[in-house]
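Please look at the sequence and the structure first.

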Amino acid sequence: MGSLDIPRRRLGRTGPEVSALGLGCMGMSQTYGTPDDAESVATVHRALESGCDFFDTAESYGPFTNEELLGRALAGRRDEAVIATKFGWEYDGAERGPLNSRPEHIRRAVEGSLRRLGTDRIDILYQHRVDLEVPIEDVAGTVGELVAEGKVLHFGLSEAGAETIRRAHATFPVTVLQTEYSLWERHVEDEILPTLRELGIGLVPYSPLGRGFLTGTATRAEDYPETDYRRHDPRFQGEHFRRNTAIVDVVRAVAEEKHLTPAQIALAWILHKGDDHVPIPGTKRRTTLAENLHSATVALTEDELRRLDQATRPGSVAGTRYPESVMHMNGR
Ligand SMILES: NC(=O)c1ccc[n+]([C@@H]2O[C@H](COP(=O)([O-])OP(=O)(O)OC[C@H]3O[C@@H](n4cnc5c(N)ncnc54)[C@H](OP(=O)(O)O)[C@@H]3O)[C@@H](O)[C@H]2O)c1
């Protein structure tokens, strides 16, 4: 399969140019369903052949194994790809410990990521979650040093609040913010997005398919195994699932009229929200990847956008986006 002519977008004002849609690699190693490394590697290769060159991973995915998988998949093709990874927690073996963004820990994490990815540089290095024990200026300063050393090319934040973004950016330029953004999760539109635009920081929407919900193929939380994150996502649970199905009904209706799939409409909606958005839908399958990449060529009319916006206006989504026990780590 040749290149799909996927449009290109710049990450923030000063970041690299990448395909308008990236590939989220987390689900290849954890969170959803059973890993299939051979198909995952083939999916990374298919992405490159299709003109999709922006790959998202993290130390915490696995942990460690997702970076190793991506490193294996990109062996010999490193220069064709833009790699984003993240640091943020301590580990005892595979056991995740507390948040840790102390300078010496960031440096250790970066050495590990470079080794597992089989590369001498990380294109985008994100702080995965804000660590309240470490001033963000110290984090930004450390990443700035790593940039000066050539080990990191650009600085990103994930799930940071507006004030933290400003303070970080004042110390060392933030290229992109990665946060959850999709038809059913629009909290960034209020305060975060205007801040990003004022500062020239790009947005990398994660879980742009609502962890699969917006594709119309999701089932109730209770139907997923204990190891699948969706069993624990409040939006998939009980009465919330039933109410949220009304959103998918609208997405599906627009999709059917255009002979497209709900996933393609959900992704096209994000791409229409701003040319500073580069969503990273996650999949571990070549067929799904092709379906998702096609959304970059979909045009939505004003009326279609209005219907989609109306279906997901504030207050129309039931359930928080994370369980209460981890929600406090977001937006601070
Ligand atoms: N910064 C953070 O804290 C954070 C948090 C979450 C995610 N992320 C990043 O964002 C990326 C994307 O988010 P995500 O993977 O959580 O959620 P997502 O992209 O919203 O959804 C992924 C799920 O949807 C399924 N799917 C994808 N395309 C589909 C299609 N066309 N039809 C039917 N099902 C489809 C996938 O199935 P298969 O897996 O079976 O292909 C997977 O179960 C992740 O891979 C990760 O890199 C970052």
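The model is predicted: local features need pLDDT of at least 70, side-chain atom pairs count only at pLDDT 80 or more, and totals for chains, interfaces and linings use all residues. Residues are numbered from 1 along each chain as its sequence is written, and side-chain values use heavy atoms, with hydrogens and water left out.

**Ligand site**

The ligand is surrounded by 32 residues, where a residue counts as near if one of its heavy atoms lies within 4 Å. Tyr32, Asp56, Thr283, Lys284 and Arg285 are the closest. By class, this shell holds 11 nonpolar, 13 polar and eight charged residues. Here Ala, Val, Leu, Ile, Met, Phe, Trp, Tyr, Cys and Pro count as nonpolar, Asp, Glu, Lys and Arg as charged, and the others, Gly among them, as polar. Helix 9 (residues 286-293) gives the most to the shell, with three residues; helices (H or I, at least four residues) and strands (E, at least two) are DSSP runs numbered from the N terminus.

| Residue | Protein atom | Distance to a ligand oxygen atom |
|---|---|---|
| Asp56 | polar side-chain atom | 2.6 Å |
| Pro208 | polar backbone atom | 3.4 Å |
| Gly212 | polar backbone atom | 3.4 Å |

Taken alone, the ligand exposes 900 Å², and the protein buries 93% of that. Accessible areas come from the Shrake-Rupley method with a 1.4 Å probe; for residues, only the protein chains shown count as cover.

Gln178 belongs to strand 10 (residues 174-180). With a relative accessible area of 3%, Gln178 is buried (under 20% relative accessible area; exposed is over 50%, partly exposed in between). Its side chain makes a polar contact of 3.0 Å with the side chain of Asp56, the residue that also has a polar side-chain atom 2.6 Å from a ligand oxygen atom. Beyond four places in sequence, Gln178 touches residues including Lys86, Tyr126 and Ile280, contact meaning heavy atoms within 4.5 Å.

Arg235 sits in the loop between strand 11 (202-206) and helix 7 (238-257). Arg235 is buried, at a relative accessible area of 0%. The side chain of Arg235 makes a polar contact with the side chain of Glu180 at 2.9 Å. A polar atom of the Arg235 side chain also lies 3.5 Å from the backbone oxygen of Arg321.

**Nonpolar cores and other buried residues**

A nonpolar core is a set of buried Ala, Val, Leu, Ile, Met, Phe, Trp, Tyr and Cys residues joined through side-chain atoms within 4.5 Å. The largest has 81 residues, and Leu23, Phe55, Leu157 and Ile165 have the most contacts inside it. Helix 8 (residues 262-273) supplies the largest share of this core, eight residues. Another core lies apart from it, with 14 residues, among them Val18, Phe54, Ile124 and Ile280.

Val143 lies in helix 4 (residues 136-148) and is buried, with a relative accessible area of 0%. Outside four places in sequence, Val143 touches Phe87, Leu125, Val152 and Phe155.

Glu59, in the loop between strand 4 (54-56) and helix 2 (65-73), counts as buried at 6% relative accessibility.

Key:
Polar contact = N/O pair within 3.5 Å; in protein donor to acceptor, adjacent residues only side chain to side chain. Buried < 20%, exposed > 50% of the residue type's maximum accessible area, 1.4 Å probe, protein only.
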